[in-house]
Amino acid sequence: MGQLAPWVIATAFLVAMPWIFASNSAITIMNQMAITIIFALSYNMLLGQGGMLSFGHAVYMGAGGFMCMHVMNMVQDQGLPLPLPLLPVFGGLFGLGLATIVGSFSTRNAGTVFAMISLGVGELIAASSVIVVSFFGGEEGISGDRTYGLPVFGVEFLRQIEVYYLIAFWLVLSTLLMFLFSRTPIGRMANAVRDNPERAEFLGYSARWVRFYSFCASGFFAGIAGALFAINYEIVTEENLNLGLSGAILLITFLGGIGVFFGPIIGAIVFTLLQTVLSLQTELWQLYVGALFLATVMFFPSGLAGVLMMHVPAIKMGKWRYLVLPYVKTLIPAIFGILGVSAMVEMMFHARHAPTGDEEMGLFWMTVDSTSPLPWLVAAIISVVCFWVTRRNAPELVAAWHMANTPDGGSA
Amino acid sequence: MTMHASNLTAPALDIVGLRKSFGKAEIIRGIDLEVYKGERHAIIGPNGAGKSTLFNLITARFAPTTGSISLHGQNLAGMAPYQINRLGLSRSFQITNIFPKMTVFENVRCALLWSKGYKYSFWNIVSRSQDLTEGADAVLEQINLAGRRNLPAGVLSYAEQRALEIGVTIAGGADVIMLDEPTAGMSHSETDYIVDLIRKVTENKTLVMVEHDMGVVFGLADRISVLVYGEIIATGAPEEVRGNPKVQEAYLGAALEADH
């Protein structure tokens, strides 16, 4: 069946990934990525599917993580026969429980009221994490040992790769369930309520109950993501439920695109790569992520997935070839222009923040003197020239775009 | 059951002593109206007569100041729109009110979900439910939009969106259909088309229709009520109402006032 193909390919891909990227750090990044994907998809059940803008979604992930950690420690203390791979269920159920309580009053309205309540609840629970020490462990959080139990089919979860496959299993299962949820009557009505709550009420559905069910389901999957985080890192702290993470998941989801189911997956992958790979290169990585987010919101409100989907008609008509050359001619200079600007930003940061006397800095593959005018001049010239070329070639891209999206026989 | 017995005798809609004020302004000033089961009833009146307010009172968008509204003998006081809908009343909106991002087919399918018993289920996949697909396609056939099935509803022409609006309104199988100025903003030919469509889809149902223009409802309605300044000044068969001097005066008077 054609519908199954993407799932089979994705699963095979997940199975194969550790062979392609075998280093421990790569597997750590992939684990983080998978957890973020589940979290972002659960967030999009609210934002994209249900039209609920939440500023406190990390609460449900954090709650699931803490619960999973407590269960892990309890099972270890009591020697209960509960294998590690089942623990995410408890994280999910705890996220579900918390979402049921909060959702019972927050889903009465969407829009500003919902957003404000989510912000309030997020702040409330983040604040209580330093007060209720027995559950949240105060500032140092709660830690545990995932290798507590008897081996499951010979797997002890000592190695990262074993945890990778555990997380990958839950990733596929959660993604599949969330996808199917969007195809159920309640999932379809979540879209309807998002677009037009008044109309939905006159189709027999209470907008509030529809939002409530979506909210609970979303809390469940966020809880699973939290539990996987707990298993992966063996520590959960206040950072796993604070407003910073709630803001980050909004950014990730929007960056990927809220209008398409797989959008948040792209957002999570891109963001995790920036967070891990780019942060090793520069201290200013968050600045670049911020700029990328801003550019997305302003120019591509449908996100990275939306940009991909824009190309579907051209590909279906077999006219994507017209786009290749114009893309090369505009995007490559644009990339160099951006690199030129970022070189200047990095040099400015270095010149302002490095200790006096330390004038040398690594920039891309070079070592430059951030106080001498030459590298500044070179970076500035590269930027100006590259942006000029981009601008000059842009009309060609626009024309090619029209051509690629005009069916044969039709006149533009 | 007693409930059933009352259903047999009670009018489809029974409005008693209905009043509605917004602040000091009384918009609906004491309305009594019975809509019989199976009739097509039009409520007409000049601009500002309170037609839309009356419509919104019946469909629980507003709460009455005093008075009661009953559907099949059951008092609607305090009910939410979705509860009223489940009792068998469905409404359209004056401003086209569909789900613009969904396809035409999905719009109608959403309208079928509750009445087909799917409720809040999260264990069914809608695209696998044959009854939903067939039901939605049958409605599309009825409103002549089968050819537009897979287009996003937002790209349809205005008249097509109005037709879809009617399709969504009737799809759930409600026996009382309320339409709020379904031909507003349409050309003559489009109006004729929509009126024919309304006649077709409300066969064997109770229709309550608010309309500004008496001409539109003349061939369609079994009875007409004329609403002027928050009161019903006449109710009766179309011919009777048209010949009523009070109606003529009210329409002429309002038309003159509107000119100034």
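**Close-up 1. Helix H4 of chain B and its buried residues.** In H4(B), the buried residues are Val104(B), Phe105(B), Glu106(B), Asn107(B), Val108(B), Arg109(B), Cys110(B), Ala111(B), Leu112(B) and Leu113(B). Here "buried" means 20 or more other C-beta atoms within 10 Å of the residue's own, "exposed" means 12 or fewer, and "partly exposed" is what falls in between, with C-beta atoms placed from the backbone. Helices (H or I, at least four residues) and strands (E, at least two) are DSSP runs, numbered from the N terminus. That makes 10 of the 10 residues of H4(B) buried, so the helix is largely enclosed by the rest of the structure. What do they pack against? The buried residues of H4(B) pack against helix H8 (185-195) of chain A, along with helix H5 (130-142) and helix H6 (158-171) of chain B.

A word on the model before moving on. This is a predicted model, in which local features need pLDDT of at least 70 and side-chain atom pairs count only at pLDDT 80 or more, while totals for chains, interfaces and linings use all residues. Residues are numbered from 1 along each chain as its sequence is written, and chains are lettered from A and ligands numbered from 1 in the order in which they are written.

**Close-up 2. Where chain B meets chain A.** The contact takes 21 residues from chain A and 27 residues from chain B; two residues are in contact if their C-beta atoms, placed from the backbone, lie within 7 Å. On the side of chain B that touches chain A, helix H3 (81-86), strand S6 (89-91) and helix H4 (104-113) each supply at least two residues. H3(B) gives the most to that side, with four residues. By class, the residues on this side of chain B split into 16 nonpolar, eight polar and three charged. For these classes, Ala, Val, Leu, Ile, Met, Phe, Trp, Tyr, Cys and Pro count as nonpolar, Asp, Glu, Lys and Arg as charged, and the others, Gly among them, as polar.

**Close-up 3. Phe202(A), in touch with chain B.** Phe202(A) sits in the loop between helix H9 (197-201) and helix H10 (207-233) of chain A. Not counting residues up to four places away in sequence, Phe202(A) touches Pro81(B), Asn85(B), Ser90(B) and Arg91(B). Tyr213(A) is 11 residues from Phe202(A) in sequence and 19 Å from it in space, C-alpha to C-alpha.

Close-up 4. H2(A) covers residues 24-50, which makes 27 residues. From first C-alpha to last it reaches 38 Å, close to the 39 Å expected at 1.5 Å a residue; the expected span is 1.5 Å times one less than the number of residues. At Asn44(A), H2(A) bends by about 45 degrees, the bend being the angle between axes fitted to the seven residues ending there and the seven starting there. Of the 27 residues of H2(A), 22 are buried, so this helix is largely enclosed by the rest of the structure. Leu47(A) is in H2 of chain A and is buried, with 21 other C-beta atoms within 10 Å. Leaving aside neighbours within four places in sequence, Leu47(A) is in contact with Met52(A), Leu53(A), Thr253(A) and Ile258(A).

**Close-up 5. Helices H4 and H10 of chain A crossing.** The axes of H4(A) (residues 87-106) and H10(A) come within 6 Å and cross at roughly 145 degrees. Axes are lines fitted to C-alpha atoms, for helices over the stretch in contact, and angles run from 0 to 180 degrees between N-to-C directions. The contact of H4(A) with H10(A) has 18 nonpolar, nine polar and no charged residues. Phe94(A) lies in H4 of chain A and counts as buried, with 24 C-beta neighbours inside 10 Å. Phe94(A) and Ile224(A) are 130 residues apart in sequence, yet 9.0 Å apart in space, C-alpha to C-alpha.

**Close-up 6. Two positive phi values in chain B.** Ala60(B), in the loop between helix H2 (51-58) and strand S4 (66-71) of chain B, has a positive phi near 65 degrees. Asn144(B), in the loop between H5 and H6 of chain B, has a positive phi of about 60 degrees although it is not a glycine. Are these residues buried or partly exposed? Ala60(B) counts as buried, with 23 C-beta neighbours inside 10 Å, whereas Asn144(B) is partly exposed, with 14 other C-beta atoms within 10 Å.
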